[in-house]
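Work through the two exercises below with the sequence and the model at hand, and try each task before reading its solution.

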Amino acid sequence: MPRRKRISVPGITEHIYHRSIKNRKFFQDDEDKEFYLRQLELYSSHYQVAIHAWVLMDRHVRILCTPTAKTAVSKMMQSIGRQYVSFANRKYDFEGSMMKDRYKSCLIDDSNYFLQVCRYVELNPQRSRTVEHVSDYSWSSYRSNALGIRSGLLTQHHAYLGLGKSKGERCLSYRRWCRYVASNAELDAIRRSLRKGLVYGSEPFKVSLEMATGYEFIDRDPGRPSLVFTA
């Protein structure tokens, strides 16, 4: 079966997932992660892609971003990939790539849907028990979104800005949001949307995107899980 074409729509947020080959480590140490973040900041700015959330795990990367042009995200990811592979090959005397050639992505609706995926991305280290609490993990955007630590990389999404009138109110609301435990149905729906390159959002939003792009985004497989909100 041919793989589904990745669809990127200017102004629509995307959930990006890029993993290593054969469970090989993406990052060996903190220097590797620092290099990757420098490339993310450089190329997101160059291609005008707003970064809203991110997490770097040993074997994969997750990014929430909104492009201003149709090809902006793919060009950004290709540029980061080339630079990082070249860096890692020189440093570790590798040959070839430790990255999957093709990253996965899905489009995300606004409001609660965005906040659900943002929580999913940033709580990855805690969910995987890499750390006891996500605030202990240095390699995600959680400390910026939840604790207010300044970041030159991040652009706050309008759904996040709606959490409060001040920086302090938004951070407090987001910390409370992250304390809710996501249901299995919610986690499954996020993962399924990403795996199949669909849309995580409301049915009207999916229909509007289908009409605008000509691509089918509604998962019509029988027995698909319904979306469940936890807050």
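The model is predicted, so local features need pLDDT of at least 70, side-chain atom pairs count only at pLDDT 80 or more, and totals for chains, interfaces and linings use all residues. Residues are numbered from 1 along each chain as its sequence is written, and side-chain values use heavy atoms, with hydrogens and water left out.

**Exercise 1.** Determine the strand order of the open sheet and which strands stand at its edges.

Solution. Strands are DSSP runs of E with at least two residues, numbered from the N terminus, and two of them pair if DSSP finds at least two bridges between them. The 5 strands follow the order E2-E3-E1-E4-E5, with mixed pairing. Strand E2 (49-56) and strand E5 (199-200) each have a single partner strand, so one side of each lacks a neighbour in the sheet. E2 pairs with E3 in the antiparallel sense over 7 bridges, where Ile-51 stands opposite Cys-65, and 3 residues lie between the two strands of this hairpin.

**Exercise 2.** Which residues of helix H7 are buried, and how are they placed around the axis?

Solution. Buried, meaning under 20% relative accessible area with a 1.4 Å probe and protein chains only, applies in H7 to Arg-170, Cys-171, Tyr-174, Trp-177 and Cys-178. These residues cover an arc of only 125 degrees, taken from the directions from the helix axis to the C-beta atoms, which puts them on the same side of H7.

Methods:
Helices (H or I, at least four residues) and strands (E, at least two) are DSSP runs, numbered from the N terminus. Buried means under 20% relative accessible area, exposed over 50%, partly exposed in between (1.4 Å probe, protein chains only).
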